[in-house]
Amino acid sequence: MSFSEIWLFLQQGLLSGLVTGSVYALLAIAIVAIFKTTDVPNFAQGEIFMIAGYVALSLLLIAGWSYALVIPVTVVAVAVGAALFQRVVMERVTHSKGVGPQLVIATLGLAYALKGLVRQTGLGDTPRSLPSLVSNDPVIIGDAFLTRLDVAIFLTSIAAMVLIYLMFSHTRIGKAMRAVGMNPRAAQIVGIRLSRIRMLVWAMAGLISALAALLITPKILITPDIAHIAILAYAAAIVGGFTSLPGAVLGGLIIGIVENLVGLFISTNAIVVAPFLAILVTLIVRPQGILGGKPQVKKV
Amino acid sequence: MKTAKSLLVAAVAALSTLAAHAQSDPGLTDKTIKLGLFGPLSGNSMAYGFDVMNAAKMYYDKVNKEGGIHGRKIELVVEDDRCNANDLLAAVKKLTEQDKVFALNGGSCSAAVVGAREYVERSQIPLVMLNASGDGALYPPSKYIYGAFSISQRAVGGSMVQFAAEHLKAKKIGYINHDDAYGGWNLEAAEFQAKKLGVDLQVQSVAPNLTDVTAPMLKIRAANPDVLLITTYARPVSLLVKKAQELGWTKPIVIAVNGTADLKQLVENVGNKDAFKNVYLQEVMTDVAGGPKLKWVYDMYKAYYPELAAKPGYPQTYMPYGIPSAMTVVNALKAAGPQLTREKFLTALSQTKFESNVMAGPIELTPTDHAGQKSAIYLKFDGEKMAVVPGAYRSLWTYQPK
């Protein structure tokens, strides 16, 4: 491999990794937010992302709506759907003295239900693409090629992350969510309604998933099995720190870049293994994740 | 006296064994041969086999109308396997043990049909696959199993390399396959063919669920091959063709039959017809679907299933694949003669050679190679129209016992 090739691969791996990594980061934020406020790893995260893609696809191609309508309707529909799942299913399981495993199984149930739903429509038989709002014209940065769509994905994801940060740090609801994440019982004592906040967190996760789906599906295509992308988001959350929202962002970007660099410098066969290796290394070297703070010790 | 008595007993025993053997094969009467036909009649994978089974049924019906085989009519028992390994095994068991069929003709999905290999061998019942490529069940060869009447995965790779070297005059070939069993099989024959032809093969293997194809495509571009062969499934094909165009790739791209089931969707997914300026498609039939060489198959379908043929989406893409499989069964039954046994049928299968006028090459089975079809034709595809490239390109790989 010549020096110019190494230099090209480095630039391309870094830039392409940032694009896909920014979407992994969004999904990782959704996972971490739900985990922090409900103590439940949401195993339906990928399917919520997937169903958002199919909702948008149905509205665009079957109903013939314009993007101006499709985007808000998809985002709201998925957010409401996720909130209802928390209110109707998760809340009831919790009230009936449901423990962690039962809540996790409930999210698995949602995952299978959503996948089955899409397969029933017949839309899931072939890979499909959402029409792209931004052109695929090349954008050359250094020696690397991106497309305008890539740049739009990255910038929109970053803008969404900034908005999420502002919500958590400057709004009452955001602060209430953080309080529930830190100490639910104390938050309840000061008058925060846990069920309402948890419902809002699920709604936010749905909203973020819908946004991620609208951004990335014109690039990676959509099938009922595309939900596996959540595994990469989980890897991002673990690498960044499962209890840290900035960690989720960092983890997402790292996973995106690692995937590309491994594919370019080691082997394309190893791309899918790279996130799991990153998880293993993180768990061995820093189990709480890069920005996961100090290891927690629970007194019993 | 004692010796004569013993001889008599032995002769009676031998005769009764022979008589019992002659009548022992199930599914046979003087008037009928019972066959078990199975494939996906429902479920997500119905498109792979529903009309393939219809094609086989109409061919058997035609044979029956023409007088049958040595005076016997073919009687079909039909089962739905949903392209699912468990359902397929259940269907095979039912057909073998409950319906007591003479032979099995079925399987449209390789992964599912491979799972029945052990049972078929244990039950010693002949299985002639429908349109599954089924390399996993065909190599190493089993006495009882024949298939790949569309094309084997190995032949997919070998034929593509032949086309790239012979028609496109490529000396260096880029090759992207999957890193699963299917990818391994087609690569094995591609490497064999490349070695025979003296061309350089630059391989990138990717996972079927890969979301970002930048790395493999960039590495292929860096290797600077004369042509790119893609043997992946439909989704990675779309991503790779799109990425190739983004990276300014203008050399020929050849897409294997694995990824071309829905061309309209492929073009939509790529999103730019310019990406198809130099694209070729592999086709395992002798002509494009509905083309003049295949008109007789489509006319026959319309005559047998007028209501179905009038529906949008019918006949399904793979419909003609059912004919060569049924032809193979019929030819072997004829060759086995009027004193039909499973052994004679299996021997006849292993000596099969005929032109189906459906597939790109002849159907040829031997005692050591049970994959029926090894050739493909190629179509120049501009994103809308297709033009047949003259000639068929054959894979040279053959199974070598280790």
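**Close-up views of a predicted two-chain model**

**View 1. Helix α14 of chain B and its surroundings.** In chain B, α14 is followed by B:G337, a residue with a positive phi near 85°. The model is predicted. Helix α14(B) comprises residues 322-336. Its 15 residues reach 22 Å from the first C-alpha to the last, close to the 21 Å expected at 1.5 Å a residue. The helix is mostly covered, with 12 of its 15 residues buried. Among the buried residues of α14(B) are B:I323, B:M327, B:V330 and B:L333, as well as B:G322 and B:A336.

**View 2. The parallel sheet of chain B.** An open sheet is formed by 5 strands of chain B, arranged in the order β2-β1-β3-β4-β5 with parallel pairing. Strands β2 (73-80) and β5 (145-146) of chain B stand at the edges; each has a single partner strand, so one side of each is left without a neighbour in the sheet.

**View 3. Pairing of β4 and β5 in chain B.** Strand β4(B), residues 127-128, pairs with β5(B) in the parallel sense over 2 bridges. Within this pairing, B:V128 stands opposite B:Y146 of β5(B).

**View 4. Helices lying across the sheet of chain B.** Helix α2(B), residues 50-65, lies across β1 (32-39), β2 and β3 (103-106) of chain B. The helix runs at about 165° to β2(B). Helix α14(B) lies across β1, β3 and β4 of chain B, and runs at about 160° to β3(B).

**View 5. The two domains of chain B.** According to the domain assignment, domain 1 of chain B consists of 32-151 + 290-371, and domain 2 consists of 153-283 + 378-394. The C-alpha centres of these two domains of chain B lie 29 Å apart. At their contact, 8 residues of domain 1 meet 11 residues of domain 2. The side of domain 1 of chain B that touches domain 2 has 3 nonpolar, 4 polar and 1 charged residues.

**View 6. The contact between chains A and B.** Chain A gives 30 residues to the contact, and chain B gives 29 residues. On the side of chain A that touches chain B, the elements giving two or more residues are α1 (3-38), β2 (144-147) and α10 (245-265) of chain A. The largest share of that side comes from α1(A), with 5 residues. By class, the residues of chain A that touch chain B divide into 10 nonpolar, 14 polar and 6 charged.

Technical notes
Residues numbered from 1 in each chain as written. Chains lettered and ligands numbered in written order. Predicted model: local features only at pLDDT ≥ 70, side-chain atom pairs only at ≥ 80, totals over all residues. Contact = placed C-beta atoms within 7 Å. Helix = DSSP H or I, 4+ residues; strand = E, 2+ residues; numbered from the N terminus. Nonpolar A, V, L, I, M, F, W, Y, C, P; charged D, E, K, R; others polar. Pairing = 2+ DSSP bridges. Axes fitted to C-alpha atoms, helices over the stretch in contact; angles between N-to-C directions. Expected span 1.5 Å × (residues − 1). Buried ≥ 20, exposed ≤ 12 C-beta atoms within 10 Å, placed from the backbone. Domains from an automatic or database assignment.
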